[in-house]
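Dear colleague,

Please find the structure below, handed over for your records. My notes on its sheets, ring pairs and surface follow it.

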Amino acid sequence: MANTTFNGPVRSQNGFQTVTINATTGVVTTSPVSLGASGILATPVALADGNATLTAAANAGGMVNLVPNGTQDNVYTLPAPVAGTSFSFVYAGGAADATGFTINTGANANFFIGGLTFHDTDTSAVSLVYSDGNSNSKVFVDVPGAANITVVAKDGTNWQIFGTVVGATAPAFADQ
């Protein structure tokens, strides 16, 4: 199949569609592509209730990664950073989780820069939790009630992190 490159805006009066063709039967299936004010909206990705290595193709570039109400503490490992690549993590449970999840860069050399706003459900206090900015390559979110975390590759080495966690336990940054 050929690729098409445009120089300028693409306009359509009747929307866009994704087309798939069954290799065996040849049946063509079409589905609409949702467009928002800022462009194409991607379908959220439900992350596994288990450890997973994420990829830019499946989990980045505007995709919302839905973190499940897990049966264990799950670790989601990022790929090597490529400048501008971003990952969004949203806790998708219907109640406070009994477990937690870790976002892992895979190596202390690929550390987080930035921090998270923490809303404590026990005391109603709000605080900021920062990475050390020189080696913290993991962030653990324990028993979240809600979480919305974004990580963006600043360059080929480090990840900017920001977002909000709501729960009884503050998120914690750590080295490998």
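Strands β6 (residues 52-53) and β8 run parallel and are joined by 2 bridges. Strands here are DSSP runs of E with at least two residues, numbered from the N terminus, and two of them pair if DSSP finds at least two bridges between them. Within this pairing, A52 stands opposite Y76 in β8.

Please note that this is a predicted model, in which local features need pLDDT of at least 70 and side-chain atom pairs count only at pLDDT 80 or more, while totals for chains, interfaces and linings use all residues. Residues are numbered from 1 along each chain as its sequence is written, and side-chain values use heavy atoms, with hydrogens and water left out.

The five-stranded sheet

β6 and β8 belong to an open sheet of 5 strands with mixed pairing, in the order β6-β8-β10-β13-β16. Its edge strands, β6 and β16, each pair on one side only. β8 also runs parallel to strand β10 (residues 100-104), with 4 bridges between them, and there Y76 stands opposite I103. β10 and strand β13 (residues 138-142) are antiparallel and share 5 bridges; N104 has K138 in β13 as its bridge partner.

Buried means under 20% relative accessible area, exposed over 50%, and partly exposed in between (1.4 Å probe, protein chains only).

The loop between β8 (74-77) and β9 contains T85. This residue has 16% relative accessibility and therefore counts as buried. A polar atom of the T85 side chain lies 2.9 Å from the backbone oxygen of V82.

The seven-stranded sheet

A further open sheet, again described as mixed in its pairing, has 7 strands in the order β5-β7-β9-β14-β15-β11-β12. At its edges stand β5 (45-46) and β12 (126-130), each with a single partner strand, so one side of each is left without a neighbour in the sheet. Strand β14 (residues 144-153) pairs with β15 in the antiparallel sense over 9 bridges, and V151 has I161 in β15 as its bridge partner.

Aromatic pairs

Rings of Phe, Tyr and Trp (its six-membered ring) pair if their centres lie within 6.5 Å; planes under 30 degrees apart count as stacked, over 60 as edge-to-face and the rest as tilted. By this rule there are 2 aromatic pairs. F87 and W159 have ring centres 5.9 Å apart and planes at 65°, so this pair is edge-to-face. Since F87 lies in strand β9 (residues 86-91) and W159 in strand β15 (residues 159-167), the pair ties together parts that are 72 residues apart in sequence. Both F87 and W159 are buried.

The rings of F112 and F173 have centres 6.1 Å apart and planes at 70°, so the pair is edge-to-face. F112 belongs to strand β11 (residues 112-120) and F173 to strand β16 (residues 172-174), so the pair ties together parts that are 61 residues apart in sequence. F112 and F173 are both buried.

Surface

V19, I21 and V28 make a nonpolar surface patch of about 290 Å². Patches are made of residues with over 30% relative accessible area and no salt bridge, with like charges joined within 9 Å and nonpolar side chains (Val, Leu, Ile, Met, Phe, Trp, Tyr) within 5 Å. Accessible areas come from the Shrake-Rupley method with a 1.4 Å probe, and for residues only the protein chains shown count as cover; a salt bridge is a side-chain nitrogen of Lys or Arg within 4 Å of a carboxyl oxygen of Asp or Glu. V28 is placed in strand β2 (residues 28-33).

With kind regards

Terms used: Polar contact = N/O pair within 3.5 Å; in protein donor to acceptor, adjacent residues only side chain to side chain.
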